[in-house]
Amino acid sequence: MAEQKRDYYEVLGVNKGASDDEIKRAYRKLAKANHPDLNPGNKEAEARFKEVNEAYEILSDKEKKSRYDQFGHAGVDPNFGAGGAGFDGGFDFGDLGDIFGSFFGGGFGGGRRTNPNAPQRGESLRMSLILSFEEAAFGCEKAVTVERMEVCSTCQGSGCAEGATPEVCPDCHGTGTVQIRRQTPMGVFATSSPCSHCGGKGKIIHQPCKECRGAGTVRQRRTIQASIPAGIDNGQTISIRGQGNAGKNGGPAGDLLITITVRPHELFRREGTSVLCDAPITFAQAVLGAELEIPTIDGKVKYDLPEGTQSGSTFRLKGKGIPSINGRGRGDQYVTVYIETPRNLNKEQKEALKKFAETMGDNNYEERKKFFGKKKR
């Protein structure tokens, strides 16, 4: 059995009669508190964040909110109740209102089809962008090229030739739908369907614009400056508002959604805001200690390696990691050292090494002593 969704007003913690400002304030507060960037690895917060966004998407849209207030989740979720004896996912609530209006003289306050001439938001566009490790770490400005639908400059989106105006469809009177009424033993049964005369547009263009051929929009290739925030990670998406396809009937344009791919770095790896790397050191440096020059994303820094450093030891360079995408500080860099064994020694070097080995005893090799001591027992 599918999990029952919570009431959207309950999710945002507001009353059903809450104003748009109250809904927006409640959403911002909850979205910030449960944002994944502020709750890394917290699955409950992630689920809560998605639930809050879903609730706000419905309650911030007047049309969706109206349907939700009338029909609950069934009014806004086409999959609600799928597989049960209730509403089918393809059921049209405009039809529901027409049916009950026919039976009861219009007293049923059912939903209505969207006015085809009402402002409609344009579709959002998606694209991917490849960044270097440093560009993702520090942020950058990138010029991206997109092809999108824009309002026709010749007809200003009307779709009509100069001096002409669209005709209101005489069959549907501009609604985009027509009612089909059938007489049944129970009374008149009415259903709605898209108007075949105007194709559901509610208007007819007799003299179309030559530039857009009556569509009201034309395809254009545009170069847009994208501001990439510092700290963005592989697979994350940024949104540039209003840079998608043009809306219809004066509606706002959609957004441009850019998904980031970060190229691997030859030295560095990333875990959250931490930078990881491996650094080779010589046997002498490990034994005697040394001043090392360690590469970071900011450039080389000096680090004093202590005497007797073991291979596999890790040290931290504070504040040399990735800036947090929310602007709150930076991570650290963690450097793991390993001893590189020399190759192709000459005779003199081998003799010197043998003499050194003769002066050493097991007391100088604590881990070796522990290991082989256990083996003997």
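Visitor: How are residues numbered, and what pLDDT do local features need?
Guide: Residues are counted from 1 along each chain as its sequence is written, and side-chain values use heavy atoms, with hydrogens and water left out. In this predicted model, totals for chains, interfaces and linings use all residues, side-chain atom pairs count only at pLDDT 80 or more, and local features need pLDDT of at least 70.

Visitor: How much space lies in the largest pocket?
Guide: On a 1 Å grid over the protein atoms alone, a pocket is an open set of points where a 1.4 Å probe fits, with protein on both sides within 12 Å along at least five of seven lines. Grid points are joined across faces, edges and corners, and the volume is the space filled by probe spheres set on them. For the largest pocket this space is about 1,400 Å³.

Visitor: Which residues are closest to the centre of the largest pocket?
Guide: Lining residues have an atom within 4 Å of a point, and the largest pocket has 32 of them. The closest to its centre are Tyr27, Asn53, Ser239, Arg241 and Asp255.

Visitor: Which elements give two or more residues to that lining?
Guide: Helices (H or I, at least four residues) and strands (E, at least two) are DSSP runs, numbered from the N terminus. The elements in question are helix H3 (43-59), helix H4 (62-71) and strand S8 (237-240).

Visitor: Which residues lie nearest the centre of the second largest pocket?
Guide: About 680 Å³ of space lies in this pocket, and 26 residues line it. Nearest its centre are Ala215, Thr217, Gly247, Lys248 and Asn249.

Visitor: Which helix gives the most to the nonpolar patch?
Guide: Such a patch joins nonpolar side chains (Val, Leu, Ile, Met, Phe, Trp, Tyr) within 5 Å, from residues with over 30% relative accessible area and no salt bridge. Here Phe283, Val287, Leu288, Leu353, Phe356 and Tyr365 make a patch of about 530 Å². Helix H7 (283-288) and helix H8 (347-359) each supply at least two residues, and the one that gives the most, with three residues, is H7.

Visitor: Is Ala31 buried or exposed?
Guide: Buried means under 20% relative accessible area, exposed over 50%, and partly exposed in between (1.4 Å probe, protein chains only). Ala31 sits in helix H2 (residues 20-33). Because its relative accessibility is 10%, Ala31 counts as buried.

Visitor: Which residue forms a salt bridge with Glu51?
Guide: A salt bridge is a side-chain nitrogen of Lys or Arg within 4 Å of a carboxyl oxygen of Asp or Glu. In one of them, the closest N and O atoms are 3.1 Å apart. It links distant parts of the chain, 45 residues apart, from Glu51 in helix H3 to the segment before helix H1 (8-12). The partner of Glu51 is Arg6.

Visitor: Why are Lys50 and Glu46 separated by about one helical turn?
Guide: These two residues form a salt bridge, with 3.7 Å between the closest N and O atoms. Both belong to helix H3, and the separation is about one helical turn because Lys50 and Glu46 are four residues apart.

Visitor: Where is Asp332, the partner of Arg316?
Guide: Their side chains meet in a salt bridge (3.2 Å, N to O). Arg316 is in strand S14 (residues 314-317), 16 residues from its partner. Asp332 is in the loop between S14 and strand S15 (333-339).

Definitions and conventions:
Patches are made of residues with over 30% relative accessible area and no salt bridge: like charges are joined within 9 Å, nonpolar side chains (Val, Leu, Ile, Met, Phe, Trp, Tyr) within 5 Å. Accessible areas come from the Shrake-Rupley method with a 1.4 Å probe; for residues, only the protein chains shown count as cover.
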